[in-house]
Amino acid sequence: LFAGEVDFLKGVVAMDGLPPDDRAEVCFAGRSNVGKSSLINALTGRKGLARASNTPGRTQEINFFTLADSHYLVDLPGYGFANAPVAVVEKWQRLLKQYLSGRVSLRRAFVLIDMRHGVKPVDDEIMTLLDRAAVTFQTVLTKADKVKASEREKILAQVRGQLAKHPAAYPEIVQTSSEKGDGIATLRSIIAGLA
Ligand code: GDP
């Protein structure tokens, strides 16, 4: 799947801009700075495909990428800006809710969590949205290279404890490093398996 063409299709700011839902689709969500752009670039092997999304306002689009002819990969706007205007946050939440609850071809959401920080309250809110929309989500721990092997089990236990509260959580957690390449092949094959 990832060996074929990967292309940016479009950025969407409202529901009527969504492409037809005629392909299997996966989406990526995470706090700003979690490493989402880096992960998408590592997955697709295309540096600079997903732009780093570090400025609120510029980044309220849902970005669609095509994977071969069979899948969409969807980059949701980063959340959890400390000082984003309330109106921006509300607009984003509205679009996100509409997207998650209305997208029949959405096979799975990947919720990215910075492995150093574990599940934060804003992550928990997104997970609750996914529960309500009945969208299965899988947790991806990012920046695993920044965590000592001796600390991993404790962090995994915290994350598992949080996931236990969420009926839509998929039990398998994927640890990744966009820098070192850990977990990238695993994530690719998970996505390829979601037909
Ligand atoms: P986004 O805002 O979620 O799209 O995050 P970015 O992909 O722009 O990454 C935010 C910062 O984390 C950047 O400085 C990246 O270089 C860094 N980063 C992202 N992924 C990794 C990783 O796997 N390991 C390490 N060490 N740093 C990472």
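Which residue in E4 does Phe64 stand opposite? In this predicted model, the residue that Phe64 faces is Val74 in E4. The strands concerned are E3, covering residues 62–67, and E4, covering residues 71–75, which run antiparallel and are joined by five bridges.

**The sheet**

- Strands E3 and E4 belong to an open sheet of seven strands, in which the pairing is mixed and the order reads E1-E3-E4-E2-E5-E6-E7.
- At the edges of this sheet stand strand E1 (6–12) and strand E7 (174–175), and because each has a single partner strand, one side of each is left without a neighbour in the sheet.
- As background, strands of a sheet pair through backbone hydrogen bonds, and such pairing can be either parallel or antiparallel.

**The chain as a whole**

- The protein chain contains seven strands together with five helices, and when these elements are followed from the N terminus on, they run β-β-α-β-β-α-β-α-β-α-β-α.
- Taken along the principal axes, the box filled by the C-alpha atoms of the protein chain is roughly 45 × 40 × 30 Å.

**Burial and contacts**

- Of the 195 residues in the protein chain, 35% are buried.
- Among contacts in the protein chain with a separation of 6 or more, 78% are between residues 24 or more positions apart.

**Confidence**

- The protein chain has a mean pLDDT of 91, with 95% of its residues reaching 70 or more, while the model scores ipTM 0.99 and pTM 0.95.

Methods:
Residues numbered from 1 in each chain as written. Predicted model: local features only at pLDDT ≥ 70, side-chain atom pairs only at ≥ 80, totals over all residues. pLDDT = per-residue confidence, 0-100. Pairing = 2+ DSSP bridges. Helix = DSSP H or I, 4+ residues; strand = E, 2+ residues; numbered from the N terminus. Buried ≥ 20, exposed ≤ 12 C-beta atoms within 10 Å, placed from the backbone. Contact = placed C-beta atoms within 7 Å.
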